Amino acid sequence: MNRREFLGSSAAALVASEFAFGMPAEHKLKAVGVQLYTVRDAMKTDFEGTIAKVAKIGYKEVEFAGYFDKSPKDIKAILEKNGLTAPSCHVPYTTVSDKWQEQIEAAHIIGHKYIVCPWIEPAQRDAADGYKRAAELFQKAGEVSHKAGVQFAYHNHTFEFQPSKSLDGQLPYDYLLKSTSPEYVKMELDLCWISVAGKDPIKYFNENPGRFPLVHVKDMKSLPSGAEGPTASPDKEMPNMTDVGGGIIDWKHIFANDGKAGIKHYFVEHDFPADAFASITKSYQYLSKLTF
């Protein structure tokens, strides 16, 4: 057997062994979800019709950002009618602090496995003990919800990756990770905003394995460079947002590390799309075909 024949037979044997041992040659996302904030204007005027349109596109999971005065039982019925599940929801900080038990009960009815807090007000962030209070609240809320079978999580923007005076220059995201228990406080990493802030999501996956069961998937036509990265804000960078797959974020590289991160749910989002349904359709088409 010459060298070419040997290499050819070896390659064939390797491929055969991969199939024999159930090792796929490529990976795809098991399910693609959408954060309903993207279609919030439509939700206000036609809640049930919007949910139906989302399902028709092909999405199997949705993440709520408000219930638009619908009861948990009604929401559950509408989801079931359209073959959808809602693994998670976003709630305000004040819900975590003041209406936590009520929200947990709603989660049980709707079927949420995660309740996510997506924001800390600027006044609290600037206060000397602001992040300390947030970490303590998140830890306590996480303990309570964990006992009830629901996981608490926190969603980032860019400010968490910028040095905080109230933390003596420490990154708030690092502080929140270190100051809370991985068991009680998970992270929903917004893969767009961490990229805009100039930080590497893979580094966080490696340092905090399994702590990122949820991610937000949205793309940018360009990212800040040099000194602009550490000072970037969502408001300033919002015009660069585009449909997933239409920008420059390297989704193949990020998702190739999803096992390390512990990602279970991927939610498409576009904060201000020109046409919300066209945007989430393009993003779904890209992600449903993506291999990595």
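Because the model is predicted, local features need pLDDT of at least 70 and side-chain atom pairs count only at pLDDT 80 or more, while totals for chains, interfaces and linings use all residues. Residues are numbered from 1 along each chain as its sequence is written, and side-chain values use heavy atoms, with hydrogens and water left out.

Helices here are DSSP runs of H or I with at least four residues, strands are runs of E with at least two, and both are numbered from the N terminus. A residue is called buried under 20% relative accessible area, exposed over 50%, and partly exposed in between (1.4 Å probe, protein chains only). Contact means heavy atoms within 4.5 Å.

Helix α3 spans residues 47-57, and its buried residues are Phe47, Gly49, Thr50, Ile51, Val54 and Ala55. Just after α3 comes Gly58, with a positive phi of about 130 degrees.

In α4, Ile75, Ile78 and Leu79 are buried. They lie on the same side of α4, because they cover an arc of only 100 degrees around the axis; the arc is that of the directions from the helix axis to the C-beta atoms. Lys73, Glu80 and Lys81 are exposed on the other side of α4. The cover over the buried residues of α4 includes α3, β2, β3 (85-90) and α6 (100-110). Gly83 follows α4 and has a positive phi, near 65 degrees.

The axes of α3 and α4 are 10 Å apart, and the two helices pack at an angle of about 35 degrees. Axes are lines fitted to C-alpha atoms, for helices over the stretch in contact, and angles run from 0 to 180 degrees between N-to-C directions. The crossing of α3 past α4 is right-handed, a term used if the near helix is turned clockwise from the far one by less than a right angle, and left-handed if anticlockwise. At this contact, Phe47, Glu48 and Ile51 of α3 meet Ile75, Ile78 and Lys81 of α4. By class, the contact has 4 nonpolar, no polar and 2 charged residues. Here Ala, Val, Leu, Ile, Met, Phe, Trp, Tyr, Cys and Pro count as nonpolar, Asp, Glu, Lys and Arg as charged, and the others, Gly among them, as polar.

## Salt bridges

A salt bridge is a side-chain nitrogen of Lys or Arg within 4 Å of a carboxyl oxygen of Asp or Glu. The whole structure has 9 of them.

| Pair | N to O distance |
|---|---|
| Asp41 and Lys44 | 3.7 Å |
| Lys81 and Glu48 | 3.0 Å |
| Lys132 and Glu136 | 2.6 Å |

The bridge between Lys81 and Glu48 joins side chains from the two helices described above. This pair links distant parts of the chain, with Lys81 in helix α4 and Glu48 in helix α3, 33 residues apart. Lys81 counts as exposed because its relative accessibility is 63%, and Glu48 is partly exposed at 35%.

Asp41 and Lys44 both belong to helix α2, where they are 3 residues apart, about one turn of the helix. Both residues are exposed.

Lys132 and Glu136 are 4 residues apart in helix α8 (residues 130-147), so about one helical turn separates them. Lys132 is partly exposed, with a relative accessible area of 44%, and Glu136 is also partly exposed, at 44%.

Tyr131 is buried, its relative accessible area being 4%. Not counting residues up to four places away in sequence, Tyr131 touches Ile120, Gln124, Arg125, Phe159, Ser164, Ser166, Leu167, Pro172, Tyr175 and Leu176. One of these, Ser164, is 33 residues from Tyr131 in sequence, and the two are 9.6 Å apart in space, C-alpha to C-alpha.

Gln139 is buried as well, with a relative accessible area of 19%. Under the same exclusion of residues up to four places away in sequence, Gln139 touches Thr180, Ser181, Tyr184 and Val185.
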